[in-house]
Amino acid sequence: SYCSRLKRLYNEGTLRPVDLDFKSLMDLKGLAEPLQSKVMDHMFADRVFLSNARSKSGFLVAVCARARRGELDPRGFGAVDPWKQALAALAVPKMKTLSFEPEDEWLEENQDPIEVRVNMTKLMHFGVPMEEACVTLDPTENIAKLKERLKEQGVNVKATMYNVKHVHNANPEKTAIGRWTRPHVRRT
């Protein structure tokens, strides 16, 4: 254990009883047992640096921090693990690249009208009488046309007062270009 090894450093005269403060000892205690052993190996290997350090508790805190980062090699000398970044990069899954087909080709295949359901709950306190509106659009129509159709259905809020951020498409295999969200009220 690290206690017997610290006592050995005290008995040899490398450390005095006032050299290590509570925080540094708690840092050492907070490490897992293999890391504690690496820290103590490092302190024994670098006894010269430990004995000449101005703050021995600072030295211990720094060695504990390097051990947490994986910078102490098996021999006890400070070294950055050359494989750590490579292994971390392998552990993170790579993002898949999406290939979009050209808009003209998509429009040729999907000429059927798209039924769009718009959640209107955020606009109800502006006097909109419904919670949800159904609008049928051609795939070539834009957001301005959607707002026009909503106005025809009784949404009496100026088109500049709200933004359409996300529209849930009732037919997911015929998704229009982009991703839309429910109407969000922008106060001007």
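**Close-up views of a predicted model**

View 1. Accessible areas come from the Shrake-Rupley method with a 1.4 Å probe, and a salt bridge is a side-chain nitrogen of Lys or Arg within 4 Å of a carboxyl oxygen of Asp or Glu. L87 lies in helix 6, helices being DSSP runs (H or I) of at least four residues and strands (E) of at least two. This is a predicted model, in which local features need pLDDT of at least 70 and side-chain atom pairs count only at pLDDT 80 or more, while totals for chains, interfaces and linings use all residues. Residues are numbered from 1 along each chain, and side-chain values use heavy atoms, leaving out hydrogens and water.

**View 2. A patch of negative charge that includes E101.** On the surface, E101, E103, D104, E105, E108 and E109 gather in a negatively charged patch, like charges being joined within 9 Å. E101 sits in the loop between helix 6 (84–91) and helix 7 (103–109).

**View 3. The largest nonpolar core.** Among its 19 residues, L6, L9, L28, V39, M40, M43 and L60 touch the most other members; such a core joins buried nonpolar residues through side-chain atoms within 4.5 Å, buried meaning under 20% relative accessible area. Helix 1 (2–12), helix 3 (33–45) and helix 5 (56–69) each give two or more residues to this core, and helix 5 gives the most, with 5 residues.

**View 4. The loop that holds M124.** M124 is found between strand 1 (114–119) and strand 2 (132–137), and its C-alpha atom is separated by 9.5 Å from that of V155, 31 residues apart along the chain.

Methods. Patch = residues over 30% accessible without salt bridge, like charges linked within 9 Å, V, L, I, M, F, W, Y side chains within 5 Å. Lys, Arg positive; Asp, Glu negative; His and termini not counted. Charge placed at Lys NZ, Arg CZ, Asp CG, Glu CD. Buried < 20%, exposed > 50% of the residue type's maximum accessible area, 1.4 Å probe, protein only.
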